[in-house]
Amino acid sequence: MAKILIVEDNALNIKLFCDLLAAHGHEPEAVTDSRFALDAARHFSPDLVITDIQLPHISGLELIRMLRDDDKLAEVPIMAVTAYSAQGDEERIREAGAQAYVSKPISVVRFAETVDQLLEGGSDKAEIDAAGGEGRVDPGSGPG
Ligand code: MN
């Protein structure tokens, strides 16, 4: 089981992502307003952050950079989800510091696979070398 923070402004997507993650035995927590995402992440200490890119107030790209700049959260894998993939978007998202990128509408299989890969410390398209297979600390909290 992993703690996964979802930052997404669309209620239907939140429900879909949370249901999917819960079905895979994870503990999802959702934030709809990206202005509160960094604080939520600091308190929730997620094993993975899934963020929409098209968000009001603070875009997903900005949020990714903020997470990367945070002492406590810099190593947490980030999966970006976006509906509009223009040329160069994926590159920008990866440069900002996300390890994976899934386009909407999501493929349920690909979504779940990417989550698994990131939690295992891998990446769907390589490039997670900095985090390696090492460095993640299991919080060791029991169920409930
Ligand atoms: Mn959105």
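The protein chain is built from five helices and five strands; both come from DSSP runs numbered from the N terminus, with helices (H or I) needing at least four residues and strands (E) at least two. This is a predicted model, in which local features need pLDDT of at least 70 and side-chain atom pairs count only at pLDDT 80 or more, while totals for chains, interfaces and linings use all residues. Residues are numbered from 1 along each chain as its sequence is written. Reading from the N terminus, the elements follow the order β-α-β-α-β-α-β-α-β-α.

How confident is the predictor? The score used here is pLDDT, the predictor's confidence in each residue on a scale from 0 to 100. The protein chain averages 87, and 84% of the residues score at least 70. Over residues 124–144, though, pLDDT stays under 50, and the model has 18 contacts beyond four places in sequence for that stretch. A contact here means that the C-beta atoms of two residues, placed from the backbone, lie within 7 Å. Taking contacts between residues at least 6 apart in sequence, 56% join residues at least 24 apart.

Now for the sheet. Its five strands form an open sheet in the order β2-β1-β3-β4-β5, with parallel pairing; two strands count as paired if DSSP finds at least two bridges between them. At the edges sit β2 and β5 (100–103), each pairing on one side only. Neighbouring strands are turned against each other by 20° on average, direction ignored. Angles like this one are taken between N-to-C directions and run from 0 to 180 degrees, using axes that are lines fitted to C-alpha atoms, for helices over the stretch in contact. In general, strands of a sheet pair through backbone hydrogen bonds, either parallel or antiparallel.

The pairs can be followed one at a time. Strand β1 (residues 3–7) runs parallel to β2 (residues 27–31), and five bridges link the two. Within this pair, V7 stands opposite V31 of β2. To get from β1 to β2, the chain passes through helix α1 (residues 11–23), and this β-α-β crossover is right-handed. Right-handed means that, with the strands pointing away from the viewer, the path from the first strand over the helix to the second runs clockwise. On the way, the loop between α1 and β2 holds G25, whose C-alpha atom is 7.8 Å from that of A2, a residue 23 places away along the chain.

Strand β4 has a partner on either side. It is joined to β3 by four bridges, and the two run parallel; here I50 has M79 of β4 as its bridge partner. Four bridges also link β4 to β5, again in the parallel sense, and V81 is partnered by V102 of β5. Right-handed β-α-β units turn up here too: one consists of β3, α3 and β4, and another of β4, helix α4 (residues 89–96) and β5. Because four of its five residues are buried, β4 is largely enclosed by the rest of the structure. A residue is called buried if 20 or more other C-beta atoms lie within 10 Å of its own, exposed if 12 or fewer, and partly exposed in between, with C-beta atoms placed from the backbone.

What about the helices on the sheet? Helix α3 (residues 60–69) lies across β1, β3 (48–52) and β4 (78–82), and runs at about 155° to β3. Helix α5 (residues 108–119) packs on the sheet as well, touching β3, β4 and β5, and its direction makes about 170° with that of β5.

Buried residues make up 29% of the 144 residues. The largest nonpolar core has 31 residues, and V49, M79, A80 and A98 touch the most other members. Such a core is a set of buried Ala, Val, Leu, Ile, Met, Phe, Trp, Tyr and Cys residues joined through C-beta atoms within 7 Å. Beyond its neighbours within four places in sequence, A80 is in contact with T51, I53, G60, I64, I93, A98 and Y101.

Most residues other than glycine have a negative phi, and most peptide bonds are trans. S45, in the loop between α2 (37–44) and β3, has a positive phi near 45°. Because it has 14 C-beta neighbours inside 10 Å, S45 counts as partly exposed. H57 lies in the loop between β3 and α3 and has a positive phi of about 75°; with 12 C-beta neighbours inside 10 Å, H57 counts as exposed. Finally, K104 and P105 are joined by a cis peptide bond, with omega about -5°, and P105 lies in the loop between β5 and α5.
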